[in-house]
Amino acid sequence: MYEYPLIQATGFRNYGPADAREGVEVRLRLPNYRGMRLSLLDGVDVTIDGEFFSHEITMLRLHGEVYDLEAMRDATTVRWAMGDFGTVLVPKVGGLAPGIHNVKVAARTRSPYFPPHLQPLPVNGERLATIVLP
């Protein structure tokens, strides 16, 4: 189910092999009021339990493809449509321990009709999320 909050209630989990977790993933809705080209997203900053992960190291999975910041900027033909989920991949060796975590996200969007000095505009979200499996 697609929810209004930027950070979706499902999709918060560790990723990578069970004995060697590579990081954490966070499911997001589209950070815009209508569909957008992926090149208008200038990465996603993530903070988990006070630990900051820059948009320069996080990646986005959309439609089964994984994009780092440079690939997002080049993705002028990829469209993130309303109703599609995107997943931010946060590199964190070992992942997170099971339990409740505070998750903050800033999706850095650019709007072609805003002056350059106002960009990127962050779309912020915050919620408590639970890791069930290690």
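1. R13 is partly exposed, with a relative accessible area of 39%; here buried means under 20% relative accessible area, exposed over 50%, and partly exposed in between, with a 1.4 Å probe and protein chains only. The model is predicted, so local features need pLDDT of at least 70 and side-chain atom pairs count only at pLDDT 80 or more, whereas totals for chains, interfaces and linings use all residues. Residues are numbered from 1 along each chain as its sequence is written, and side-chain values use heavy atoms, with hydrogens and water left out.

2. R13 and E25 meet through their side chains in a salt bridge, at 3.2 Å from N to O. A salt bridge is defined as a side-chain nitrogen of Lys or Arg within 4 Å of a carboxyl oxygen of Asp or Glu. Because E25 lies in strand β2 (residues 23-28) and R13 in strand β1 (residues 13-15), the pair ties together parts that are 12 residues apart in sequence. Helices (H or I, at least four residues) and strands (E, at least two) are DSSP runs, numbered from the N terminus.

3. E25 counts as buried, at 8% relative accessibility. E25 also forms a salt bridge with R61, where the closest N and O atoms are 3.3 Å apart. Since R61 belongs to strand β6 (residues 59-62) and E25 to strand β2, this pair ties together parts that are 36 residues apart in sequence. R61 is partly exposed, at 28% relative accessibility.

4. A further salt bridge joins the side chains of K92 and E51, at 3.0 Å from N to O. The pair links distant parts of the chain, 41 residues apart: K92 sits in the loop between β9 (86-91) and β10 (99-109), and E51 in strand β5 (residues 51-53). E51 is partly exposed, with 37% relative accessibility.

5. The structure holds seven salt bridges. Salt bridges also link D42, R73, R108 and R110 in a network.

6. Five strands form an open sheet in the order β1-β2-β9-β6-β7, with antiparallel pairing. Its edge strands are β1 and β7 (65-67), each of which pairs on one side only. On average, neighbouring strands of this sheet are turned by 30° against each other, direction ignored; axes are lines fitted to C-alpha atoms, for helices over the stretch in contact, and angles run from 0 to 180 degrees between N-to-C directions. Two strands pair if DSSP finds at least two bridges between them. The antiparallel strands β6 and β7 are joined by three bridges, and L60 stands opposite Y67 in β7.

7. Strand β4 (residues 41-48) is mostly covered, with eight of its eight residues buried. β4 pairs with β10 in the antiparallel sense over six bridges, and with β5, also antiparallel, over three bridges. T47 has K104 as its bridge partner in β10 and F52 as its bridge partner in β5. The hairpin of β4 and β5 has two residues between the strands, and D49 there takes a positive phi near 50°.

8. Y33, Y113, F114 and L118 make a nonpolar surface patch of about 440 Å². Patches are made of residues with over 30% relative accessible area and no salt bridge; like charges are joined within 9 Å, and nonpolar side chains (Val, Leu, Ile, Met, Phe, Trp, Tyr) within 5 Å. Accessible areas come from the Shrake-Rupley method with a 1.4 Å probe, and for residues only the protein chains shown count as cover. Y113 is found in the loop between β10 and β11 (121-131).
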